[in-house]
Amino acid sequence: MPRIAGLTPFTKADVDEKESALDIGAVSEGEEEFASRPATEQIKRRLSGVEHPQQKKTISWQSLTPMYIGIAGNLAADKSYIEIGLSIHDATYSIDFSIKHLRFPNNEPNADEIAKFVIDTIKDFSKEHLVKFVGAGVTSRLVEYSPNVCGRLWRELDIVPLVFHVRSTQRLLPGRPTAKLDAEGFPIRSTGILTPQAAEGTQQGYAVPPSNLLSVAAGSAQTQAADASAPVRPADEQADSAVRKAVLYFGPSGHNPRLSIGFRNEVEPDAAGRIRIVDTIEDYRSSVREPTWNAVLHYAKILREKKTKIAFFSSTPQGGGVALMRHALIRVMHLLGVDAKWYIPSPSPAVFRTTKNNHNILQGVADPSLRLTQAQQDQFTQWITYNAQRYWLSEGGPLAAGGADVIFIDDPQMPGLIPLIRKARGDVPIIYRSHIEVRSDLIHIAGSPQSEVWDYLWSRIQEADLFISHPVDKFVPDSVPFETVGLLPATTDWLDGLSKPLADWDIQYYMGIFRTLCSEIRMSKLHWPAREYIVQVARFDPAKGIPVVIDSFVKLRRKLDLKLPASQTPQLLICGHGAIDDPDASIIYSEVLALLETEEYAPYASDIVVMRIPPSDQILNALMSAAKIVLQLSSREGFEVKVSEAIHKGKPIIATRAGGIPLQVQHEKNGYLVEVGDSDAVAKHLYKLWTDPKLYKDMCAFAKVSVSDEVGTFGNAAAWMYLATKFAAGEKLKPNGKWINDMMREDCKQPYSEEEPRLPRKVIKTGY
């Protein structure tokens with residue numbers, strides 16, 4: 001394999017004759033060292049940043065170069081060693097490689113040793129060359145030798161691993177197949193891919209089936225077949241093949257994995273399973289308590305045995321909290337062998353403008369003059385009908401005869417699907433999941449915008465068998481029969497990119513990306529780690545209380561400026577993702593920037609960073625992990641699982657008594673609760689946490705152990721599978737306002753222990 005310029009490659013011939021083999025690394029026969037030179041001291045000094053004032057020995061790197069890596073292995077016939085090949089790719093071309101032999105005592109291959117060797121080698125290369133590997137192509141053969149290598153790449157090095165079937169032997173067919181030609185002798189490329197045919201002198205050609213680019217990259221059964229009589233391909237060649245395939249699964253900017261949307265608009269999490277951030281279901285075991293673990297396995301077994309088919313329907317595949325939960329939930333269910341699928345409609349900007357208006361109206365944060373017009377209702381109905389008929393109701397679809405056995409509908413974008421399902425399959429169980437606050441007090445005012453929107457939605461939702469709501473008072477209008485109401489909190493996944501622990505090296509990489517994003521739009525600079533900061537992570541939404549966040553911070557700074565030097569005062573970061581069904585984000589973002597230019601806040605604007613973040617979970621993870629204190633000052637809220645994510649990281653949080661937030665924060669233990677809009681109280685609590693090290697340390701310690709399994713994906717999966725199990729069996733559950741988790745734990749005989757953290761229980765009140 002040739003060395004390609006990019007990381008200053010060199011060969012042994014470049015070394016002065018006086019240098020011994022030990023100076024460049026002794027290499028055994030059949031092995032190859034990386035040839036690229038490590039970063040020089042001059043480069044390291046240039047890229048090193050300001051040290052943290054409290055951690056003088058900590059070096060911060062301003063920039064790390066993103067790279068990809070291919071990993072492959074050939075086990076010796078006598079199993080005395082494994083040849084491990086690594087190929088490094090810069091997203092344009094392969095630039096370096098190595099081949100190493102890992103020897104096994106007594107000819108007994110050790111899976112953990114293989115994984116450790118791979119991890120250590122990559123880690124050493126990263127630190128020597130100041131690079132950050134973002135993705136890895138791993139051959140399926142190596143995964144057979146070391147089944148836990150992918151999970152470790154994700155957890156320990158924050159590398160997204162993709163598994164590919166790569167040919168391990170040389171091809172026996174000589175040359176390239178001959179393409180089909182048209183009458184004039186030109187190659188036929190009707191599908192964008194050459195259609196080969198048998199070449200003269202060969203016994204048989206082969207054809208690449210029409211497919212998309214990623215399917216070809218993944219390889220077909222035909223091209224994966226290995227001839228046992230052919231010579232073995234060197235491990236570095238296999239690694240190079242794997243990394244070239246992996247690069248195709250990442251987007252052109254931000255080095256983020258592409259979304260995979262399949263036939264019938266089915267969302268395919270983790271690139272249809274090719275991305276492997278979790279090796280087995282056992283990886284979740286340490287993230288939950290024993291009763292939760294037992295409950296999940298109990299219901300998964302029933303669903304597998306009954307071959308129950310589950311379908312989820314929501315509006316978007318990324319950007320919002322529902323999408324995050326569904327990606328994680330489908331991943332867990334697939335690991336459990338449960339047949340669960342998730343579908344989305346084709347997006348419509350006009351309809352999403354209407355659904356966002358409905359969202360704001362129901363929460364009571366929209367302009368009173370905003371209404372759901374008849375024309376918008378008709379457009380909304382036409383949109384969902386078109387999607388249902390095109391993708392889901394036709395023969396073989398999830399809503400057609402023989403399709404899903406239990407159907408879950410998410411949020412107010414999709415209720416129009418319910419009557420269509422009832423018409424096609426009257427007896428199939430349908431469960432509606434409401435994720436937002438519904439202002440019951442305003443719904444009951446005749447002629448109000450809230451009444452009009454709710455009447456339109458309820459005329460469709462009422463045909464569902466169950467109404468699942470956040471466990472918050474007044475989120476359920478009294479028009480909903482109380483016997484059909486069940487309670488379930490929002491959740492997050494402790495193993496995905498948004499919540500998993502990040503190493504300092506990875507945090508520095510994502511903070512470097514964030515600095516670059518700020519520079520591109522000339523936003524104020526976040527001076528971390530030289531200065532600490534306070535953060536609110538949320539969408540730019542009128543209900544997220546962003547003006548109160550800014551006002552609270554300015555009041556805090558006015559106090560601290562009298563006591564501390566500027567280098568010890570905090571900055572403020574306000575950031576969040578966007579979603580394709582959220583057109584308000586740009587409007588609110590512009591309003592926040594305008595607010596910072598007012599006379600009251602302008603003196604502190606240089607220390608306030610306001611950013612919309614691209615769809616990278618790890619960037620948000622790094623920003624929250626590096627923050628000192630977290631805020632969530634929403635005026636209206638559903639459940640907002642960002643609160644639990646912050647607490648799980650051991651970050652004290654100051655949040656409002658809005659929606660489901662008070663269920664997650666234990667006042668004066670892992671944070672503080674304040675009334676909506678009370679910036680004076682927020683500033684007071686911030687001042688105490690900033691100036692009292694013991695208080696801050698105690699809150700951090702309590703926060704880390706105070707999060708319930710109910711807000712994690714695994715515990716949430718148990719609740720959904722419980723519902724699917726019961727409804728698929730023909731049972732018509734009547735929760736009568738109970739928590740679904742409580743019903744599930746009672747049903748599977750896994751009671752709560754006194755020591756097990758739980759969200760506060762109380763009987764909710766519907767209506768006003």
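Residues are numbered from 1 along each chain as its sequence is written, and side-chain values use heavy atoms, with hydrogens and water left out. In this predicted model, local features need pLDDT of at least 70 and side-chain atom pairs count only at pLDDT 80 or more, while totals for chains, interfaces and linings use all residues.

Helices (H or I, at least four residues) and strands (E, at least two) are DSSP runs, numbered from the N terminus. Two strands pair if DSSP finds at least two bridges between them. Strands of a sheet pair through backbone hydrogen bonds, either parallel or antiparallel.

Axes here are lines fitted to C-alpha atoms, for helices over the stretch in contact, and angles run from 0 to 180 degrees between N-to-C directions. Within the sheet, β1 (residues 65-75) and β2 (residues 81-89) are antiparallel and share 8 bridges; Leu75 stands opposite Ile82 in β2.

Another open sheet contains 7 strands, ordered β8-β10-β9-β11-β12-β13-β14, and its pairing is mixed. At its edges are β8 (266-267) and β14 (485-487), each of which pairs on one side only. Strand β8 pairs with β10 (residues 339-343) in the antiparallel sense over 2 bridges, and Val267 stands opposite Trp342 in β10.

Asn265 lies in the loop between α8 (235-247) and β8. Its phi is near 60°, a positive value in a residue other than glycine. Asn265 counts as buried at 12% relative accessibility, where buried means under 20% relative accessible area, exposed over 50%, and partly exposed in between (1.4 Å probe, protein chains only). Lys749, in the segment after α26 (740-747), also has a positive phi, of about 60°, but Lys749 is exposed, with a relative accessible area of 67%. The peptide bond from Trp528 to Pro529 is cis, with omega near 5°; Pro529 sits in the loop between α17 and β15 (533-537). Most residues other than glycine have a negative phi, and most peptide bonds are trans.

Helices α11 (residues 321-335) and α25 (residues 713-728) pack with their axes 10 Å apart and at an angle of about 75°. That angle makes α11 roughly perpendicular to α25 (65 to 115 degrees; under 35 is roughly parallel, over 145 roughly antiparallel and the rest oblique). Among the residues in contact (heavy atoms within 4.5 Å), Leu329 and Val332 belong to α11, and Phe714 and Trp720 belong to α25.

Phe714 also takes part in one of the 20 aromatic pairs found in the whole structure. Rings of Phe, Tyr and Trp (its six-membered ring) pair if their centres lie within 6.5 Å; planes under 30 degrees apart count as stacked, over 60 as edge-to-face and the rest as tilted. Tyr284 and Phe714 are stacked, 5.4 Å centre to centre with 20° between the planes. Tyr284 is in the loop between α9 (269-273) and α10 (290-306), 430 residues from Phe714 in helix α25. Tyr284 is buried at 2% relative accessible area, and Phe714 is buried at 2%. Elsewhere, ring pairs link Phe313, Tyr343, Tyr391 and Trp392 into a cluster.
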